[in-house]
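Me: I would like to work through a protein model step by step, with questions that I can check against the picture. Please put the sequence and structure up here.

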Amino acid sequence: MAVQRFTPYGMLQPTPYHHVAVGTGTKHVHVSGQIARRADGTPVAPGDLAGQVAQALRNTSIGLTGAGASFEDVLRLTFYVTRWSPEKIGDFMAGVESVADEIGLPLPLPPASLIGVDYLFEPDVLVEVEATALLD
């Protein structure tokens, strides 16, 4: 495996992600920010954070698969969430957990950042996901 994920003793625990990922491969895969849209542009789960997280992760999975990778190869995930507040973590994690088995997303997650933003490129977009993976 090209990626080893772990949380060393002394780092904040529990968290829904690992704090450290070590990659040993040579091929980098970067999946741009994915949102809750079908391939034809149709919005998925308008107004529903959990539903949009799930669809954005599905789209990220499609990008990884297209490059010959999977979530097992992911070093880092970055989530951008509009109008973020800590009360939204339940809905956010519900979206992650609802799709994890379907797309092979390991739990705990790879190292991840959740960044609150005021606005993404269209008003109905609540979340965007970026992934970086490493292959042998």
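Me: Which residues touch the most other members of the largest nonpolar core?
Reply: A nonpolar core is a set of buried Ala, Val, Leu, Ile, Met, Phe, Trp, Tyr and Cys residues joined through side-chain atoms within 4.5 Å, where buried means under 20% relative accessible area, exposed means over 50% and partly exposed lies in between (1.4 Å probe, protein chains only). This is a predicted model, in which local features need pLDDT of at least 70 and side-chain atom pairs count only at pLDDT 80 or more, while totals for chains, interfaces and linings use all residues. Residues are numbered from 1 along each chain as its sequence is written, and side-chain values use heavy atoms, with hydrogens and water left out. The largest such core has 29 residues, and those that touch the most other members are Leu57, Leu77 and Leu105.

Me: Which helices and strands each supply at least two residues of this core?
Reply: Helices (H or I, at least four residues) and strands (E, at least two) are DSSP runs, numbered from the N terminus. Those that each supply at least two residues of the core are strand 3 (27–34), helix 1 (49–66), strand 4 (74–82), helix 2 (89–103) and strand 6 (127–135).

Me: In what order do the strands lie in the open sheet?
Reply: Two strands pair if DSSP finds at least two bridges between them. Strand 3 and strand 6 pair in the antiparallel sense over 6 bridges, 7 bridges join strand 4 to strand 6, again antiparallel, and 6 bridges join strand 4 to strand 5, which run parallel. The pairing in this sheet of 4 strands is therefore mixed, and the order is 3-6-4-5.

Me: Which residues stand opposite Val81, or are its bridge partners, in strand 5 and strand 6?
Reply: In strand 5, the bridge partner of Val81 is Gly116. In strand 6, the residue that stands opposite Val81 is Val127.

Me: What angle does the direction of helix 1 make with that of strand 6?
Reply: Helix 1 packs on the sheet and touches strand 3, strand 4 and strand 6. Axes are lines fitted to C-alpha atoms, for helices over the stretch in contact, and angles run from 0 to 180 degrees between N-to-C directions. Taken in this way, the angle between helix 1 and strand 6 is about 30 degrees.

Me: Which residues do ring pairs link into a cluster?
Reply: Rings of Phe, Tyr and Trp (its six-membered ring) pair if their centres lie within 6.5 Å, and planes under 30 degrees apart count as stacked, over 60 as edge-to-face and the rest as tilted. The rings of Phe79 and Phe92 have centres 4.9 Å apart and planes at 85 degrees, so this pair is edge-to-face. The rings of Trp84 and Phe92, with centres 6.3 Å apart and planes at 85 degrees, are also edge-to-face. The cluster linked by ring pairs is Phe79, Trp84 and Phe92.

Me: Is Trp84 buried, partly exposed or exposed?
Reply: Phe79 is buried, and so is Phe92, the latter with a relative accessible area of 3%. Trp84 has a relative accessible area of 26%, so Trp84 is partly exposed.

Definitions and conventions. Contact means heavy atoms within 4.5 Å.
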